[in-house]
Amino acid sequence: MKKMFLMTAAATLFAGVASAQSMATTYSVTVTNNMAEELLAPILITDAMNDAHIFKGDYVTAEAEEQILTGDPGKLAMRIGPDAMVGKGTDGPPGVLLAPGKSVTFEITTEATSVRVLSMVAPTMVPDNYVSNVVDLHAQSMVATDLNRFDIGYDEGTMKNMALDETAPATITFKKL
């Protein structure tokens with residue numbers, strides 16, 4: 001009798017895991033760099049509920065600062081954990097940047113209904129800038145939105161996020177597969 005209970009509990013646990021995995025949705029994600037001369041670094045996408053791992057008051061966390069200053073999302077992705085997904089371009093000397101006028105498409109799988117997108121603008125012209133936005137995926141088979149540009153004030157010494165008035169430096173499209 002005891003063994004049967006354990007087997008039933010294990011079956012219930014596996015059914016719960018399978019059910020949670022079936023709630024995840026896979027999307028084809030296309031990011032387009034609309035800027036005339038600047039490149040985008042690898043693009044981090046995560047559940048918008050992870051914003052506390054990215055933003056700290058008026059500024060950003062140390063891991064987000066590293067991504068914005070260096071283009072490497074590795075530490076931020078590690079801090080966030082399995083909810084962090086990264087898409088890379090194929091341009092630039094490291095072969096992971098997204099050149100002006102180009103697009104990159106990759107797939108993500110998430111249970112999130114809203115995601116945060118974050119990518120450094122390569123500092124070839126202006127330092128400490130990034131593009132970001134929250135995208136509502138809830139009950140939509142396809143959604144396209146602009147990414148907005150921000151300056152973290154690192155070089156200026158203000159250490160405050162400031163939205164920059166730039167029309168659609170990048171766009172992102174999510175298509176449910």
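Analyst: Happy to! Let's start with isoleucine 172 and what it touches. Leaving aside its neighbours within four places in sequence, isoleucine 172 is in contact (heavy atoms within 4.5 Å) with Val29, Thr30, Val31, Ile45, Val117, Val135, Val143, Ala144, Thr145 and Leu147.

A word on the model before we go on. It is a predicted one, in which local features need pLDDT of at least 70 and side-chain atom pairs count only at pLDDT 80 or more, while totals for chains, interfaces and linings use all residues. Residues are numbered from 1 along each chain as its sequence is written, and side-chain values use heavy atoms, with hydrogens and water left out.

Where does isoleucine 172 sit? Its place is strand β11; strands (E, at least two residues) are DSSP runs, numbered from the N terminus. With a relative accessible area of 0%, isoleucine 172 is buried, a word that means under 20% relative accessible area, found with a 1.4 Å probe and protein chains only. Asparagine 133 is 39 residues away along the chain, and its C-alpha atom is separated from that of isoleucine 172 by 9.5 Å.

A nonpolar core is a set of buried Ala, Val, Leu, Ile, Met, Phe, Trp, Tyr and Cys residues joined through side-chain atoms within 4.5 Å. The largest one here has 24 residues, and Ile172 is among those with the most contacts inside it, together with Val29, Val31, Ile45 and Phe174. At least two residues of this core come from each of β1, β2 (43-47), β6 (103-110), β7 (114-121), β8, β9 and β11. A second, separate core has 14 residues, including Ile68, Leu76, Leu118 and Ile152. As a general point, nonpolar side chains in soluble globular proteins tend to be buried together.

Finally, the aromatic rings. Rings of Phe, Tyr and Trp (its six-membered ring) pair if their centres lie within 6.5 Å; planes under 30 degrees apart count as stacked, over 60 as edge-to-face and the rest as tilted. That rule gives two aromatic pairs. Tyrosine 27 and phenylalanine 174 are edge-to-face, because their ring centres are 6.1 Å apart and their planes stand at 90°. This pair links distant parts of the chain, 147 residues apart: tyrosine 27 is in strand β1 (residues 25-33) and phenylalanine 174 in strand β11 (residues 170-176). Tyrosine 27 is buried at 4% relative accessibility, and phenylalanine 174 is buried at 1%. Tyrosine 130 and phenylalanine 150 form a stacked pair, 5.2 Å centre to centre with 20° between the planes.

How values were computed. Helices (H or I, at least four residues) and strands (E, at least two) are DSSP runs, numbered from the N terminus. Buried means under 20% relative accessible area, exposed over 50%, partly exposed in between (1.4 Å probe, protein chains only).
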